[in-house]
Amino acid sequence: MIKKPIDIVKKNIVRFPRRTLLLLSSFMLTGFVLFSSIYMFQSVSNGAELIEGRAGADLIISSGKFNPYSLTGEKDTYFNGKELLEFLGKNERITAVAPQLYLETISTVCCGTEGNFPVVAIDPKNDFTLKPFQVLSEPLGDKEVVIGAKAGGDRFIFHAGDEQIEEKVLLFYETYTVKDSLFQTGSGIDDTIYMSLPEAENIISSPFYIKELPKNPLSAVFVQVDKGETDKAANEIEEKFPHLHLQFGNELKGNLQQFLQPMKILSFGVVILVLCMNILQVLTQFIGIVNERKQELGMLRVMGASKWQVAKLMLLEAWLAGAGGGALGIVLSFAVFYDQKDLILIVIELPLIFPVWQEAILYGAGTAVFLGLWAAGGAGLAIRSLLKSPPFYLVQEGESV
Amino acid sequence: MIECIGLSKIYRVTRTKRLFAVKSVDLVIKENTFLSLTGRSGSGKSTLIALITGMMPPTEGEVIVDGQKLSDLEERGLTKLRRGYFGCIRQYPALHPSLTVLENVILPLVVTSLFKKEKKCAAERYLSQVGLGNRMDHYPKQLSGGEVRRAAIARALIMEPEVLIADEPTASLDRESAVQVLRLLKALHMSGKTVVVASHDSLVENYATEQARMESGKLAYCGLTKYTSGQNRIKEAAESPVLEQLSIDSEQKSR
Ligand SMILES: Nc1ncnc2c1ncn2[C@@H]1O[C@H](COP(=O)(O)OP(=O)(O)OP(=O)(O)O)[C@@H](O)[C@H]1O
Ligand SMILES: [Mg+2]
């Protein structure tokens, strides 16, 4: 039993099940693409933000010129880091300190990838430079390594987290277990193999390691400083350690942003394109529907329904199709993201941070409502000219039939 | 009372060709008349009805409904007129195909957001009056042509209009069904409504109190029907079961 205008709409929808299905499917696809793009876009942004906010070092200290693109010190410049680390640890402006030691570039095979890979040691406890890129985010232990995307990481990622499969790599006559891999960053991180500093000490003291190193050797120290204090901290360090070289980290951040830019532009473009395609489709469909129901709509006008009351029926129907179909697509998209997270990470090969579920629901609801309004807008355009003509012309056409 | 003064409608057929569908029609429809509007196909009956009910503006002339010029009314006023004053019964589309017969009857209320629970009983009553009491949850395509037409009459009644206007209510109906529909309209006329019926079937004239004949857009004849004086036919109509129901109904109302 109908009571409100919406009940008429429901009955209309049920009357044309096949067309309703088609309409819903079309909006489902649009919803799927739209939500996926937004979700992806947001994940990439989140990833970039994290890198900027946490991973980006404000200062990089080394003894020679440091190459920000390779993220590793110039190969053979070392310094005794004991005093420096003590000083940095005491300085209140400094919030995080991540020392690194470059050991050697080794020609080896890692996870089926052959190449020359720099081996770098990090402090697993304090390091912040790798965390945002880590696939599994697990800390490094003894006899374990983390590998960059191009040092076998892009293969490792396929079974990351699978306890059954263990990948080993031979370094300095020792076997190491691959614990984790890193997302592609577009920097020197990508072909580097990382191990822990205590592990590096063992290697240095072994007879196989022939390079002469100073005591407590380090090749670079990455430092994060309180906001706005970078210049002061840099001055203090320079004063105390005039022989060390200081570099500001901004360059690095810009580099990463640049790397992510095409990705952002692409998802934005896809969204615009899909919406354009969709509005054409909506218009075509609704112009068809409206013409088909011309007499029906005219009949309502003859009964005393105002233009708006007639339009409302069509708009409601479009809204339901748009929001309903869109919602289906969004749920589907979310399910794919949830279920195929690993696969997506492999394909994209970028540090992605998926939005938290509350945020995801918000985006989903927003997208669905938007699609509903979008559809209603299309229907409104379709019905506009029809409502302009006097009611008689609408009902007249069917007369002779 | 409805007055038409010098009413004309010219349709634009092509860029240069115009068609006089209604030509300077002067017509007065008083309260509680049963007017039959007859004429050959294409003589302009539907056009005249559309002009009278404000469903399109005339090219020339004026329609005055209860002292109100239609040309002075805005869209809102015309909508109100269609909603409350006129009850239109059209040949096509008579009913909304998505809705059951009962839902069709309350449709004018629902679509204008005026529906209340009590109205459902009224709708059921009207449907029994037109003899469709047992077909209420049927869909239009499950009804015969005559039944559809009667359901449309029930729907026109739900808004309690002053004037019932039917365009070809008997078209494509067999004689018996046509008579049924006309008797129903006659009964409504007897219960106090003004009724206007446009039809190319002169059968209508047997039920009307006044008749107007159209010939290629012009009013060829206008006046009382012979029926108005012939009392036997009123008797025939009065004996129809539908009318009895209606008169009982109006008695109950007046009590
Ligand atoms: N929209 C229109 N555009 C142009 N000409 C029209 C239009 N509507 C009707 N006509 C013409 O106007 C004339 C009157 O039409 P109308 O429908 O009023 O006739 P009618 O008496 O109702 O005929 P019928 O008995 O067949 O329903 C006809 O010649 C018709 O062809
Ligand atoms: Mg006609």
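Which residues point one way from β6(B), and which the other way? In this predicted model, B:F86, B:C88 and B:R90 lie on one side of β6(B), while B:G87 and B:I89 point the other way.

**Figure 1. Strand β6 of chain B and its partner β7.** Each of the residues B:F86, B:G87, B:C88, B:I89 and B:R90 is buried, whichever way it points from β6(B). Five of the five residues of β6(B) are buried, so the strand is largely enclosed by the rest of the structure. β6(B) runs parallel to β7(B), and five bridges connect the two. Within this pairing, B:C88 has B:I165 of β7(B) as its bridge partner.

**Figure 2. The six-stranded sheet of chain B.** The strand order is β6-β7-β8-β3-β9-β10, in an open sheet with mixed pairing. At the edges are β6 (86–90) and β10 (218–224) of chain B, each of which pairs on one side only. On average, neighbouring strands of the sheet are turned by 15° against each other, direction ignored. Helix α5 (residues 145–158) of chain B packs on this sheet and touches β6 and β7 (163–167) of chain B. The direction of α5 makes about 165° with that of β6(B).

**Figure 3. Strands β3 and β8 of chain B.** β3 (residues 34–39) and β8 (residues 194–199) of chain B run parallel and are joined by five bridges. In this pair, B:S199 of β8(B) is the residue opposite B:T38.

**Figure 4. The four-stranded antiparallel sheet of chain B.** A further open sheet has the strand order β2-β1-β4-β5 (chain B), with antiparallel pairing. Its edges are formed by β2 and β5 (68–69) of chain B; each has a single partner strand, so one side of each is left without a neighbour in the sheet.

Figure 5. Strand β1 (residues 2–12) and strand β2 (residues 18–29) of chain B are antiparallel and pair over eight bridges. B:R12 has B:R18 of β2(B) opposite it.

**Figure 6. Strand β1 of chain B beside β4.** Which strand does β1(B) join through five bridges? The partner is strand β4 (residues 60–65) of chain B, and the two run antiparallel. B:V63 of β4(B) stands opposite B:C4, and B:I64 of β4(B) is the bridge partner of B:E3.

**Figure 7. Nonpolar cores.** The largest nonpolar core contains 80 residues, and the members touching the most others are A:F286, A:L300, B:L107, B:L127 and B:L185. Beyond its neighbours within four places in sequence, A:F286 is in contact with A:L23, A:M314, A:A318, A:A379 and A:A382. There is also a second, separate core of 53 residues; A:I94, A:V97, A:L101 and A:V119 are among its members.

**Figure 8. A:T108 in strand β5 of chain A.** A:T108 belongs to strand β5 (residues 94–110) of chain A. Is this residue buried or exposed? A:T108 has 13% relative accessibility and therefore counts as buried, the cut-off being under 20%. A:V282 is 174 residues away from A:T108 along the chain, and 58 Å separate their C-alpha atoms.

**Figure 9. Domains and overall make-up of chain A.** Chain A is divided into domain 1, covering 5–50 + 261–400, and domain 2, covering 64–243. Between the C-alpha centres of these two domains of chain A there are 50 Å. The chain has 12 helices and 13 strands. Of its 401 residues, 54% count as buried. Among the contacts in chain A with a separation of 6 or more, 83% are made by residues 24 or more positions apart. Chain A exposes about 19100 Å², and carbon and sulfur atoms supply 59% of that area.

How values were computed
Residues are numbered from 1 along each chain as its sequence is written. Chains are lettered from A and ligands numbered from 1 in the order in which they are written. This is a predicted model: local features need pLDDT of at least 70, side-chain atom pairs count only at pLDDT 80 or more; totals for chains, interfaces and linings use all residues. Side-chain values use heavy atoms; hydrogens and water are left out. A nonpolar core is a set of buried Ala, Val, Leu, Ile, Met, Phe, Trp, Tyr and Cys residues joined through side-chain atoms within 4.5 Å. Buried means under 20% relative accessible area, exposed over 50%, partly exposed in between (1.4 Å probe, protein chains only). Contact means heavy atoms within 4.5 Å. Two strands pair if DSSP finds at least two bridges between them. Axes are lines fitted to C-alpha atoms, for helices over the stretch in contact, and angles run from 0 to 180 degrees between N-to-C directions. Accessible areas come from the Shrake-Rupley method with a 1.4 Å probe; for residues, only the protein chains shown count as cover. Domain bounds come from an automatic or database domain assignment.
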